[in-house]
Amino acid sequence: MRRLPKAALATVLASAAALSLASPAGAAERLTLPPPTGSHFVGSSDLHLVDESRQDPWVPTGPRELMVSMFYPALSPIGPKRPYLTLAEAKAFLTESGVPDIAPERIAEVRTSARVDAPALPGKRALVVLSPGFGKPRTTLTGLAEELAGKGFLVAVIGHNYESHGTAFPDGRVTECAACGSDSTLIPPVRAADVSFVLDRLTGPCSPWSGSWTIDRTRIGMAGHSIGGYSTPAAMATDRRIRAGVDMDGRLWSPIPASGIDRPFLLLGRESEYTPAGPDTTWAGSWPNLTGWKRWISVAQAGHASFTDVGVLGEQLGLAPPGLLGGARGMELTRAYVSAFFDEHLRGRDQPLLDGPTPANPEVKFWP
């Protein structure tokens, strides 16, 4: 049975300096995320979805429940800025990630660029589903979600219940990671079912999201980090509505089946792990079964968290390991290549950035 490694946040944040930074909220500079670079204002809404057709696989005492965060181009910047995590979520996330000495108020006080429930900008738009890493709250993909929304995409970030350290529900419940320690191969089928359910609800009659009328059902993509990246081909294999996919630093514990994925796919990972001659062998083993447009890109000096908000927040706390790619730079590269991929394959806009190396991004290498 394959076991997942301990949450990557500990690698980025664990340091002797943690004790000195464990100060109450307001006693240190407020943590921030880089603002999106697109031309649109960004709105965000949270949805509580219940799949009555499925029993939860991790706590089988009731139906499968999900929290989903929508990010979208907004008509105007009306409403308060979106909170990053509740205090209870921040406490659970830091404790279970191995850094309990960081004051959770420092994470809970973070406000993003998105405005809560701002009115959606009219127009039909491509939808991108995002799936976070195992044990990670869905908010760790906020920086990418806001970037995509600012550039005109709709984004649904799925909180896979009981697969994260701390998920708050509207009724005050905060669930823990009941699935942590499970066989990693059990996760992708659950997440694939979650994705299909979310797509059914968003695009079906009586959608729970007020902006559902802006979704172009013919242009849907998916990207995930770590186990979320591993789950992306699984979701594509079972749901052909997903026209393009991205795996961000996710080992493919179960190879892509011989039947293959015939739609565009991007593998984006750290150079220390994901090269044809690197420690990981799963990408090379699955590469032939990606039969559509494909790219394999590695990023020098990147860590596992470099593709998420964790790298950015860790850098601001002064706890990033020496020699690691800067958190802001990691986010800049992730945003650039993922948004270019979906621009080309969901909106038909040619993106030279995906054609090969560029002097502006010397960290990036293309394989094979």
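This is a predicted model: local features need pLDDT of at least 70, side-chain atom pairs count only at pLDDT 80 or more; totals for chains, interfaces and linings use all residues.
With a relative accessibility of 8%, serine 45 counts as buried because buried means under 20%. Its side chain makes a polar contact of 2.6 Å with the side chain of aspartate 117. Beyond residues up to four places away in sequence, serine 45 touches Val68, Ser69, Met70, Tyr72, Asp117 and Trp209.

Threonine 32 lies in the loop between α1 (9-13) and β1. This residue is partly exposed, with a relative accessible area of 41%. Neighbours within four places in sequence aside, threonine 32 is in contact with Val312, Leu313 and Gln316.

Side chains of opposite charge can pair when their charged atoms come close. The structure holds 25 salt bridges. In one of them, arginine 173 meets glutamate 65 at 2.9 Å, N to O. This pair links distant parts of the chain, 108 residues apart: arginine 173 is in the loop between β7 and β8, and glutamate 65 is in strand β2. Arginine 173 is partly exposed at 28% relative accessibility, whereas glutamate 65 is buried at 15%.

Arginine 270 forms a salt bridge with aspartate 249, with the closest N and O atoms 2.6 Å apart. Here strand β11, which holds arginine 270, is linked to the loop between β10 and β11, which holds aspartate 249. Both residues are buried, arginine 270 at 19% relative accessibility and aspartate 249 at 1%.

Finally, a network of salt bridges links Asp51, Arg54, Asp56, Arg64, Glu163, Arg191 and Asp194.

How values were computed:
Residues are numbered from 1 along each chain as its sequence is written. Side-chain values use heavy atoms; hydrogens and water are left out. Buried means under 20% relative accessible area, exposed over 50%, partly exposed in between (1.4 Å probe, protein chains only). A polar contact is a pair of N or O atoms within 3.5 Å; within protein, one must be able to donate a hydrogen and the other to accept it, and residues adjacent in sequence count only if both atoms are side-chain atoms. Contact means heavy atoms within 4.5 Å. Helices (H or I, at least four residues) and strands (E, at least two) are DSSP runs, numbered from the N terminus. A salt bridge is a side-chain nitrogen of Lys or Arg within 4 Å of a carboxyl oxygen of Asp or Glu.
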